[in-house]
Amino acid sequence: MIEIQNIHLSFNEGTPLEVQALRDVNIKFEKGSFNLIIGANGSGKSTLLNILAGSLFPLRGKVLLDGKNITKQPVHLRSRNIARIFQNPTQGTAPELSLLENFRLASIRTRSKTPLVGIDKSFRKVVASHVSILDMDLETRLEQPMSSFSGGQRQALSLLMATFDHLDLLLLDEPTAALDPKSAELIMNLALKIVREKNLTAIMVTHELKHCLYPVDRILQMENGRLRRDVDPDEKASLSLSDIRDWFL
Amino acid sequence: MNFYLSALILGLALGAMGWGIYLSLRIFNIPDITTDGSYTLGAAISAVHLAGGGSWLSASILAIIGGALAGTLTGLIHTKLKVNALLAGILIMTAAYSVNLSLMQRSNIPLLQTSNMFNSLSFFKSPILNSLLILIPVLLLLGSLLVYMLKSDFGIAMRATGNAPLMAASMGIPVNTMKIIGLAIANGLTALSGSWVAQYQNFADINMGIGIVIFGLGAVMIGETIMDLFGKRGIIFRILGVIIGCLVFRFVIALSLASGLDPNWLKAVTALLVLVFVSIPRFRGKTLAL
């Protein structure tokens, strides 16, 4: 379970340019739940995700992972429990490294990077069978650099990479924003499938209202740095897209 | 003939520095100016050590340590104080000048009477062949180590750090530490070249490093351009390409001098040659970021 307590963050504090990005936000995310955070630009949803990922530290408040305080833990240490899918598919994978090398890194995300060669025949086989579930004919292109794949393919690969090593929490930062509608749907379904199969906790930030119609567990709406709405599964079942649109009026 | 054989040895001896530049420039995306300072540092440390009766092996090792320290400092300034990498390198390069001068106590140390790596073997009659006999195996060993390192898990993490820093951090890689280690290795290699060249030329000079970074950048790019022409992009070919780049560059310089070029214009010719190789990919419709 991941929990944020009284999180407060403002940029340029104490100057006329001060922006209060998050104001005393409290949320508990249950283990094995798929959470959707929606909000307009500037609502604080991305800041919240960055605080969970460790790329921003809050001015006040705590981040607890299974009761352990990880508020000031840097990204590379937090990565032992947390994986992140970036909005821009080019950020989540290393473009000049081959597909195989990207997966090698993903497979040792929680371990030390030793000066020994870890890519061998058996590893190659594991990756090939892993990427074959995408049905994108990638298993024959393991040696190609990541930059030779499309945005949709790279985003799908980053999802697989995220779950290639131990994982408690999956953070999805508008993962479909840079994709065409067909790839976006594929990524959403793949994310749901992976999270359910591995019983992961997932937190996804989006401004696409139609994502609320996917079978997610909980919808949270952010507004002006505060948690505006918190919709549980029962309540969510009776919501229509136009109801959700009305939240933003 | 000896003139060109000598260019061959110098080109090979500069190969270690070329690899250093390859690491900092291509793996970490940092054009590392520390090179000018750490190259002379390697020469200065070795000269003082050899003049004091030390062996060439310990001189080489001490040079690597000195260069690695300089690289570590540049890395620390860049990552901890958030100073632009180019400026951090210039700072250490400038400071290294004083360090080198105080190490050497004068601007030039002659090494005519000392034993060194290049006169350590007497297998052939020709001293140049003996020099090659030791230099080539040492380079092969060093190059193989580099290829292995870059293909290892640690090396993949290094390459990801320069290529996609956000992704690298989210894969559990401490990117700042990785950059510091990378710059330490790069400058260790550069200092090794400085040590070798001082041993080969039988002197260390306080000004021998001026503009050497340009030679390294040029060699890396010449090597890449040549390997690209043959469609060879693997790490082995990159590492090999750097050596070829160093040799081509050194031979062009030797030819220019042999054809009667005023030595005062040597640095200008060097810069021009690098400019030509930087612009080749543009003319071929490709972009290559420096």
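Strand S9 (residues 218–223) of chain A pairs with S10(A) in the antiparallel sense, over 5 bridges. If you want to find a bridge yourself, look for Ile219(A): its bridge partner in S10(A) is Val231(A).

For chain B, the mean pLDDT is 92, and 97% of the residues reach 70 or more. Where pLDDT is low, the predicted coordinates should not be read in detail.

## Where the two chains touch

The contact between the chains draws on 27 residues from chain A and 20 residues from chain B. On the chain A side, helix H2 (75–78), strand S6 (82–85), helix H3 (89–92) and helix H4 (99–107) each supply at least two residues. H4(A) gives the most, with 4 residues. Sort the chain A side by type and you get 12 nonpolar, 8 polar and 7 charged residues.

## A closer look at H4(A)

So is H4(A) mostly buried or exposed? Here 8 of its 9 residues are buried, which means that H4(A) is largely enclosed by the rest of the structure. The buried ones include Leu99(A), Phe103(A) and Leu105(A), but also Glu101(A) and Arg104(A).

What do these buried residues pack against? In chain A they meet helix H5 (121–132) and helix H6 (151–162), and in chain B they meet helix H7 (153–163).

In soluble globular proteins, nonpolar side chains tend to be buried together. In this model, the largest nonpolar core has 153 residues. Helix H9 (residues 175–201) of chain B gives the most to this core, with 14 residues. The residues with the most contacts inside the core are Leu170(A), Leu171(A) and Ala160(B).

Take Leu171(A) as an example. Leaving aside residues up to four places away in sequence, Leu171(A) touches Leu49(A), Leu52(A), Ala53(A), Ile82(A), Arg84(A), Ile85(A) and Ile203(A).

Note on methods: Residues are numbered from 1 along each chain as its sequence is written. Chains are lettered from A and ligands numbered from 1 in the order in which they are written. This is a predicted model: local features need pLDDT of at least 70, side-chain atom pairs count only at pLDDT 80 or more; totals for chains, interfaces and linings use all residues. Two residues are in contact if their C-beta atoms, placed from the backbone, lie within 7 Å. Ala, Val, Leu, Ile, Met, Phe, Trp, Tyr, Cys and Pro count as nonpolar, Asp, Glu, Lys and Arg as charged, and the others, Gly among them, as polar. A nonpolar core is a set of buried Ala, Val, Leu, Ile, Met, Phe, Trp, Tyr and Cys residues joined through C-beta atoms within 7 Å. A residue is buried if 20 or more other C-beta atoms lie within 10 Å of its own, exposed if 12 or fewer, and partly exposed in between; C-beta atoms are placed from the backbone. pLDDT is the predictor's confidence in each residue, from 0 to 100. Two strands pair if DSSP finds at least two bridges between them.
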